[in-house]
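Dear colleague,

Please find below the structure that I am handing over to you, followed by an account of what was found in it.

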Amino acid sequence: MTASGDILRAAVWMTGAITSFSLMAIAGRAVSFELDTFEIMLFRSAVGLAVVLVVASAAGTLHQVTRRHTGVHLLRNICHFAGQNLWFLAITLIPLAQVFALEFTAPLWALLLSSFILGERLSQVRVIAAAAGFIGILIIARPAPDTISIGMLAGITAAVGFAGSAVLTRKLARTETMTCILAYMTAMQSVLGLVCAGYDGDIALPSATTFPWLILIALCGLAAHFCLTKALTLAPATVVMPFDFARLPLIAVVGALLYGETVDIYVFIGAAVIFWANYINIRSGSRSDPSHGKGV
């Protein structure tokens with residue numbers, strides 16, 4: 001009964017994560033007509049930093065923010081900043097379902113990076129999983145001179161950025177708390193956003209119409225991290241991941257209803273192959289490391 005109850009609670013938390021990811025995509029499109037991706041990241045991170053400081057102060061966890069591993073924090077946030085910018089670019093150029101399907105490859109890129117960064121052994125099963133994930137990308141993108149687009153390349157590269165962020169987050173999580181990681185994330189990415197958005201001396205300020213969407217992006221980004229983490233503390237990734245996969249049909253419906261997007265069957269076939277690759281990878285490593293990372 002306890003196990004069933006934990007799975008039910010994990011499902012509820014995953015509902016929150018799925019909702020947060022989907023709302024972020026909608027809000028990202030809403031502000032893209034007024035702000036570029038660097039400006040979106042600047043304001044998102046600044047709002048997120050304020051939220052983290054207020055919540056951490058109220059919870060009494062601000063002392064957990066240490067100066068250890070600042071170099072790892074910086075590298076982690078460069079990866080995440082690049083991935084998130086490319087994700088915001090991708091959602092304006094290709095159907096939302098395609099972006100989310102390509103994002104599902106992040107754990108597969110992470111397992112490849114883990115062998116170099118964390119020294120984890122790349123087993124035969126994981127090599128097969130990575131190869132299957134690549135086949136899934138090919139099915140979705142169907143590369144040809146007239147089909148590869150900037151949007152698809154942005155979506156794939158965003159997944160690589162999220163993978164690097166996830167691997168380095170796992171490295172930091174060995175010694176640092178969530179408060180420390182989120183504080184560095186929002187602070188460093190505020191600076192990165194300011195530098196990248198202001199390199200030309202022109203930073204557009206959000207209008208009264210855009211500002212609530214930016215608040216939503218910041219809150220949904222933090223909420224998605226929190227909900228996913230809570231779900232993984234209640235149930236193993238092999239249970240949680242199928243719930244996460246529900247994002248794809250949901251965002252396909254959202255894209256059809258709000259933006260008139262049509263998604264061909266190859267997106268779902270490719271996503272199913274990627275899901276299978278992720279699942280066998282998680283099952284093969286569940287005894288030693290039952291977690292998996294998320295980038296957004």
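Leaving aside neighbours within four places in sequence, W87 is in contact with F21, M24, A25, V99, F100, E103, A158 and F162. Please bear in mind that this is a predicted model. W87 has a relative accessibility of 1% and therefore counts as buried. Together with F88, F100 and I217, W87 touches the most other members of the largest nonpolar core, which has 58 residues. Helix α1 (residues 2-32) supplies the largest share of this core, 9 residues. Another core, of 5 residues, lies apart from it and includes V52, L182, M185 and L222.

Helix α4 (residues 96-103) is mostly covered, with 8 of its 8 residues buried. Among them are F100 and E103, both of which are contacts of W87. Q98 also belongs to helix α4, and its relative accessible area of 9% places Q98 among the buried residues. Beyond residues up to four places away in sequence, Q98 touches I140, M152 and V267.

**Aromatic pairs**

The whole structure contains 7 aromatic pairs. In one of them, the ring centres of W87 and F88 are 5.4 Å apart and the planes stand at 75°; an angle over 60 degrees counts as edge-to-face, so the pair is classed that way. F88 is buried, at 2% relative accessible area. F275 and Y279, by contrast, form a stacked pair, with 6.0 Å from centre to centre and 25° between the planes. Both residues lie in helix α12 (residues 265-285), 4 residues apart, or about one turn of the helix. Y279 is partly exposed, with a relative accessible area of 25%. Ring pairs also link F275 and Y279 with F104 and F245 in a cluster.

**Salt bridges**

A search of the whole structure gives 5 salt bridges. One of them joins E261 to R29, with the closest N and O atoms 2.6 Å apart. This pair links distant parts of the chain, since E261 is in the loop between α11 and α12 and R29 is in helix α1, 232 residues apart. Both partners are buried: E261 has a relative accessible area of 14%, and R29 has a relative accessibility of 11%.

The side chains of E176 and R68 meet in another salt bridge, at 3.1 Å from N to O. Here too distant parts of the chain are linked: E176 is in the loop between α7 (150-172) and α8 (178-198), R68 is in the loop between α2 and α3, and 108 residues separate them. E176 is buried at 6% relative accessible area, whereas R68 is partly exposed at 42% relative accessibility.

D244 forms a salt bridge with R247, with 2.9 Å between the closest N and O atoms, and both residues are buried. Salt bridges with shared partners join E103, D244 and R247 into one network.

**Backbone and surface**

H69 is not a glycine, yet it has a positive phi of about 60°. Most residues other than glycine have a negative phi. H69 lies in the loop between α2 (37-59) and α3 (70-93) and is partly exposed, with a relative accessible area of 38%.

On the surface, V253, L257, L258 and Y259 form a nonpolar patch with about 400 Å² of accessible area together. V253 is found in helix α11 (residues 247-259) and counts as partly exposed at 45% relative accessibility.

With kind regards

How values were computed:
Residues numbered from 1 in each chain as written. Predicted model: local features only at pLDDT ≥ 70, side-chain atom pairs only at ≥ 80, totals over all residues. Heavy atoms only, no water. Patch = residues over 30% accessible without salt bridge, like charges linked within 9 Å, V, L, I, M, F, W, Y side chains within 5 Å. Areas by Shrake-Rupley, 256 points an atom, 1.4 Å probe, with all protein chains shown as cover. Salt bridge = Lys/Arg side-chain N within 4 Å of Asp/Glu carboxyl O. Helix = DSSP H or I, 4+ residues; strand = E, 2+ residues; numbered from the N terminus. Buried < 20%, exposed > 50% of the residue type's maximum accessible area, 1.4 Å probe, protein only. Core = buried A, V, L, I, M, F, W, Y, C linked by side-chain atoms within 4.5 Å. Contact = heavy atoms within 4.5 Å. Phe/Tyr/Trp six-rings, centres within 6.5 Å; stacked < 30°, edge-to-face > 60°.
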